[in-house]
Amino acid sequence: MQKLPEAVHLIEKASMMYLENGTPDTAAMALERAGKLIENVDPEKAVQLYQQTANVFENEERLRQAVELLGKASRLLVRGRRFDEAALSIQKEKNIYKEIENYPTCYKVCFQRVGVWGPHPCVCPGSIPGFNGSEDCAALEQLLEGYDQQDQDQVAEVCNSPLFKYMDNDYAKLGLSLVVPGGGVKKKAAAPPQAKPEGTAAPAAEDEEDEYAGGLC
């Protein structure tokens, strides 16, 4: 076990030699194996190795294999609560799934980003074909509404739905930990306007911008 980092270092050197000799498949296989070896001992190093493997596959235009390795890196980043890095990694996953036209998985990755970033109107662009009007879109809109209205019950209902529960365990746990701003105290409804005496001009109402008026961007 003590020599594991040294072994991983040697595997990295070997993978570089494989690349130089024109055998990227063998290089990627070696890097992924090194990541698996050290994942439980040094998750940070494993993330680096999985990302290197993904880069090798991406350079070879093998995007399905690349996104699979990015997914492993993203999960480890979430597990280590390195959320900024996880968000970037998940964004790259989403872009690749969109490029290879795997739209259903692209929707699921959007929900993974919800767990990492919290509900946000631009978490899942409506430009993804088939997203608007889908079950995933309806659930995300419900989540955004609950978050905006500081309705913890509504947010919890979505996070306990199958869409969240059947995600990878790291993301499902993260979704259950989502807390709305203000500690779940709902926004007060606007007071009804009081009647004005006849002849009194009513003041111009201030326009309130709806954060999600344009739909999911």
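Mentor: A residue is called buried when its relative accessible area is under 20%. The model here is predicted.

Trainee: Why does Cys-159 count as buried?

Mentor: Cys-159 has 3% relative accessibility, and the cut-off is under 20%, so Cys-159 counts as buried.

Trainee: What makes Cys-106 buried or exposed?

Mentor: The relative accessibility of Cys-106 is 0%. Buried means under 20%, so Cys-106 counts as buried.

Trainee: How many disulfides does the structure hold, and how do you know that Cys-106 is in no disulfide?

Mentor: The structure holds 0 disulfides. For Cys-106, the nearest cysteine sulfur belongs to Cys-110 and is 5.3 Å away. A disulfide needs the two sulfur atoms within 2.5 Å, so Cys-106 is in no disulfide.

Trainee: Why does Asp-170 count as buried?

Mentor: Asp-170 has 17% relative accessibility. The value is set against a limit of under 20%, so Asp-170 counts as buried. Asp-170 sits in helix α10, residues 169-176. Leaving aside residues up to four places away in sequence, Asp-170 touches Arg-75, Val-78 and Arg-79.

Trainee: How do you know that the span of helix α1 agrees with its number of residues?

Mentor: Helix α1 covers residues 4-20, which is 17 residues. At 1.5 Å a residue they should span 24 Å, and the end C-alpha atoms are 25 Å apart, which agrees.

Trainee: Which residues of α1 are buried, and what makes them line one face of the helix?

Mentor: The buried ones are Leu-4, Val-8, Ile-11, Glu-12 and Ser-15. Viewed down the axis of α1, these residues fall within an arc of 105°, so they line one face. In an α-helix there are 3.6 residues a turn, so residues three or four places apart point the same way.

Trainee: What covers the buried residues of α1, and which residues are exposed on the other side?

Mentor: The cover includes α2 (24-38) and α3 (43-59). On the other side of α1, Met-17 and Glu-20 are exposed. After α1 comes Gly-22, with a positive phi near 75°.

Trainee: Which residues have the most contacts inside the largest nonpolar core?

Mentor: They are Phe-111, Val-116, Leu-140, Leu-143 and Phe-164, in a core of 54 residues. Helix α4 (residues 63-79) gives the largest share of this core, 9 residues.

Trainee: What does Val-116 touch?

Mentor: Not counting residues up to four places away in sequence, Val-116 touches Val-78, Phe-83, Ala-86, Ala-87, Ile-90, Tyr-171 and Leu-174.

Methods
Residues are numbered from 1 along each chain as its sequence is written. This is a predicted model: local features need pLDDT of at least 70, side-chain atom pairs count only at pLDDT 80 or more; totals for chains, interfaces and linings use all residues. Side-chain values use heavy atoms; hydrogens and water are left out. Helices (H or I, at least four residues) and strands (E, at least two) are DSSP runs, numbered from the N terminus. The expected span of a helix is 1.5 Å times one less than its number of residues. Buried means under 20% relative accessible area, exposed over 50%, partly exposed in between (1.4 Å probe, protein chains only). The arc is that of the directions from the helix axis to the C-beta atoms. Contact means heavy atoms within 4.5 Å. A nonpolar core is a set of buried Ala, Val, Leu, Ile, Met, Phe, Trp, Tyr and Cys residues joined through side-chain atoms within 4.5 Å.
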